[in-house]
Structure formats: structure tokens, C-alpha cells
Amino acid sequence: MAGTLPKLAAPRPAAAAPLPSQPLRSAALAFAPSARRFRVSVSGRARSPVIAMASGKEGNGAATKRTTLHDLYDLQGQSPWYDNLCRPVTDLLPYIANGVRGVTSNPTIFEKAISTSSAYDDQFKQLISAGKDAESAYWELVIKDIQDACKLFEPIYNETDGADGYVSVEVSPRLANETQGTVEAAKWLHKVVNRPNVYIKIPATAECVPSIQEVIANGISVNVTLIFSVARYEAVIDAYIAGLESSGLSDLSRVTSVASFFVSRVDSLIDKNLEKIGTPEALALRGKAAVAQAKLANQLYLKKFSGPRWEALVKKGAKKQRLLWASTSVKNPAYSDTLYVDPLIGPDTVSTMPDQALSAFLDHGTVARTIDANVSEAEGIYSALEKLGISWEEVGKQLEHEGVTSFKKSFDSLLTSLTEKGNALKTAANLSHHVGK
């Protein structure tokens, strides 16, 4: 996998028996009996072993040792997901054994995976030989990874009746400002991946909020990404609810969604603004904006998913669009490395963690309900920042623009390198053909 696989926390006492909602605890023993070590490599470099902790018993009747990830889900109802994907996809097995319940990907993750690993070369050569262009080949590579990952998480999806166990794949970032193009891309991706537990990622740009509604109305489950403000988050919730209402489906239980609310990037930008202001009051607010806004987003979630309008959908099996905390790795080394995980724990939420955040939380994260603690303090921080002249609307716009631009850059860079690689393969094949004559 890209990034160093996290070292797991010291084993905790084994659970007496696996709970029904943790299907892979017992299933994982087929892959991880008696603390078997997995050593994986990327580009020929061996990685530190990950211990998939299990009890000494073999077979599906035994319970794996608990990690903080198991506790996060069992005790607090938050689903830990992994923000990374790379071949071999079976590298995910020790993560699943240790409590990971889903996977998120994005164009930057796939750029890193495909450009740094030789694991994609054989399939890419076959696709180029078959006459595929670079972009078509890219999607074939990505779709295979997504399908393979979906298969690994399908037991969790089934055991939770479609509430968990999802793998996310994003539409082309080139479509971030195209409403109908995004709808068509989402339909196509959903059709070709053809897995019940795939989430199609759509950015929460102004142009794509209507796309979200239409895609949901078509019965396709969506991970709404790049949400940076409470105002845009409310528009996303409204699109989800309106999509369910206009779907015409009598059973809404299999149309689900998560809203990916980005965290650490908010502090990165606002902290710079606070340092420019430079007053003691401003400097005292560094590192507090992101979590404060996230807590207020959760308050909005509680408000919007209640009342007569929502209850009418619940009668048809509708599930709440869960908040997913994204961008959970800490950018400022002066801050606690669990800053964007520990304070945002609560029921019916998701935290997707890249290697850094996952490793830190496994090692010394605190499992406790925190999402609705100190809400009045969060409101005070939010207001104090506004009084200092920081516009939450402008922060959201800038971060959205940067996020879309970053994903486009990764996508374009990878397609350029794949095109060059494809042309080199074609040239080599032509030379070989001429030499053989």
C-alpha cells in the first residue's frame, strides 16, 4: 500500500465472542491465525509487518483480539475506514482483521498507486495491446481495484444490511463543474463496477449538488466529497433527501450515502489567516477551527435528519446520510496526531484515515463519545473567527477550489504518464514486429 502500514496497538483482551455486526472478526482468522505477520512490499521494498491479531484458537469460532478500531465501532458506533487503495488489494486483509470497515479512494491515491507500483504493468500492457487509450486503460485499472476491494468488504456490507462495508470510487475530476456530465459518469461507473457496496464519489461543488440529487434519485449510492463548509453541507443533505423523495422507489433501504466533511485542511488555511492577524486572541484560536466547524456540522445533521419530512422517508426504509470525517491526517506537527479523530467520535458517523492517522489512533487513540461535547464552545470559536474577519464562506470556496484543482492535477499527470508509457509500449511492439519479419 502507499504509505507505511500502521503498527497496531498492544493486544487487548479478546472479546468473549464476535458480535453479529462484526462478520470479519471470525472470517479474518482464515487469514490471520495466532498473530500471523503480513509483510507486504511495493516496488520491491519490504514494509514493516502488520500483525493481524487473533486468539490462539484456529477456525471461524474464535474471536480476534480487539483493537481501538473494534472499540470505536462496537462501543461508539463510528465506522473506521481506510483512506488508501493499491495493489495487491489483498493487502487490505490485515486491516479488515483489525477493524477497518470500508475504503475511500481518490484520483491522488490512484496516481500514487499506479505510478509507483509495477503491479499494474501486466494489465496495462494487455489493455494497450487491445487498442485502449490511456484514459480507458486508467478506468479499467481503477475498476478492477474497486471490484476486488468491494469483494473483500462485502461480508461487512451483508452483515450490516447495507449500512457499512463500502468502497468509494470518484468520477473524473475533470467533471467537477459539469452537472449532467457528472450524472452520466456516475451512472456509468455504477454500472461497470457492478457491486452492491460501491460508493460513487461526487464532489460537492455548486454545479454537482444537483447531480447528487439526480444520481440518488436513480437509486445509486453516493459518497459526496470535498465538503468544506456547513452551508454547502446543508445543500448536500437537501440534495440527498430530495433525491430519495423523487426516486419513486418503494424500498429506499439500499440507497445510502455519506457526506465527506473535510477537517485538517480547514485548520491549515485558517491558521495561516490567524497568523497574519497576529493578535493574541487570533493566535489562541489556531488548531481549533476545523473541529469546531465539524461539531456544528454534526448538529446540523441531527436537525435535518429528524421531523415529519425525514420520518416519511424512514417508513420507506431510508437511511440517514452519515457524516464522514475526511482529511484526518494532521498537517501541523505541533498538534496531537489524533486531533482530527479523537474529538469527532459519535454514533452513525465514519472516520476515514490515511496511514498516519490510522497508525496514531491504533496506537494511542481515545475511544469516547466526543462529537456532541463542548458544542457551545465550538459555537463560540466559530463566531470568534467570524469577528476576526475570517469568512467561512470564503474559506469553503478556496478549499473547494484547491481540492478540485489538486485532484485534476493528479488525474492529468497520471494520464500523461500512462499515455507516454502506452506510446513506448506501442513503439516497442512495432519494432519487435518489424524485427520479426
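Student: At what angle do helix 6 and helix 7 pack, and how far apart are their axes?
Tutor: In this predicted model, helix 6 (residues 134-159) and helix 7 (residues 179-193) pack at about 60°, and their axes are 10 Å apart. Axes here are lines fitted to C-alpha atoms, for helices over the stretch in contact, with angles from 0 to 180 degrees between N-to-C directions. Helices (H or I, at least four residues) and strands (E, at least two) are DSSP runs, numbered from the N terminus.

Student: Which class does that pair fall into?
Tutor: Helix 6 and helix 7 are therefore oblique to each other. Angles under 35 degrees count as roughly parallel, over 145 as roughly antiparallel, 65 to 115 as roughly perpendicular, and the rest as oblique.

Student: Which residues of helix 6 and helix 7 meet?
Tutor: Trp139, Ile143, Ile146 and Gln147 of helix 6 meet Trp188, Leu189, Val192 and Val193 of helix 7, where contact means heavy atoms within 4.5 Å. By class, these residues are seven nonpolar, one polar and no charged. Ala, Val, Leu, Ile, Met, Phe, Trp, Tyr, Cys and Pro count as nonpolar, Asp, Glu, Lys and Arg as charged, and the others, Gly among them, as polar.

Student: And helix 10 with helix 12: how do their axes cross?
Tutor: The axes of helix 10 (residues 264-277) and helix 12 (residues 289-304) cross at roughly 130° and come within 7 Å. Helix 10 is therefore oblique to helix 12. Val266, Asp267 and Ile270 of helix 10 make the contact with Ala289, Ala290 and Gln293 of helix 12. That contact has four nonpolar, one polar and one charged residues.

Student: Where is Thr67, and is Thr67 buried or exposed?
Tutor: Thr67 lies in the loop between strand 4 (50-51) and helix 2 (68-76). Thr67 counts as buried because its relative accessibility is 1%; buried means under 20% relative accessible area, exposed over 50%, and partly exposed in between (1.4 Å probe, protein chains only). A polar atom of the Thr67 side chain is 2.8 Å from the backbone oxygen of Asn98.

Student: With which side chain does Asp355 make a polar contact?
Tutor: The Asp355 side chain makes a polar contact with the side chain of Tyr82, at 2.7 Å. A polar contact is a pair of N or O atoms within 3.5 Å; within protein, one must be able to donate a hydrogen and the other to accept it, and residues adjacent in sequence count only if both atoms are side-chain atoms. Asp355 lies in helix 14 (residues 355-364) and is buried, with a relative accessible area of 10%.

Student: Changing topic, which peptide bond is cis?
Tutor: The bond from Arg87 to Pro88 is cis, with omega near -5°. Pro88 is in the loop between strand 5 (78-83) and helix 3 (93-97).

Student: What is phi at Asn194 and at Asn374?
Tutor: Phi is positive, about 55°, at Asn194, and near 55° at Asn374. Most residues other than glycine have a negative phi. Asn194 is exposed, with a relative accessible area of 55%, and Asn374 is exposed at 52%.

Student: How are residues numbered, and what limits apply to the values?
Tutor: Residues are numbered from 1 along each chain as its sequence is written. Local features need pLDDT of at least 70, side-chain atom pairs count only at pLDDT 80 or more, totals for chains, interfaces and linings use all residues, and side-chain values use heavy atoms, with hydrogens and water left out.
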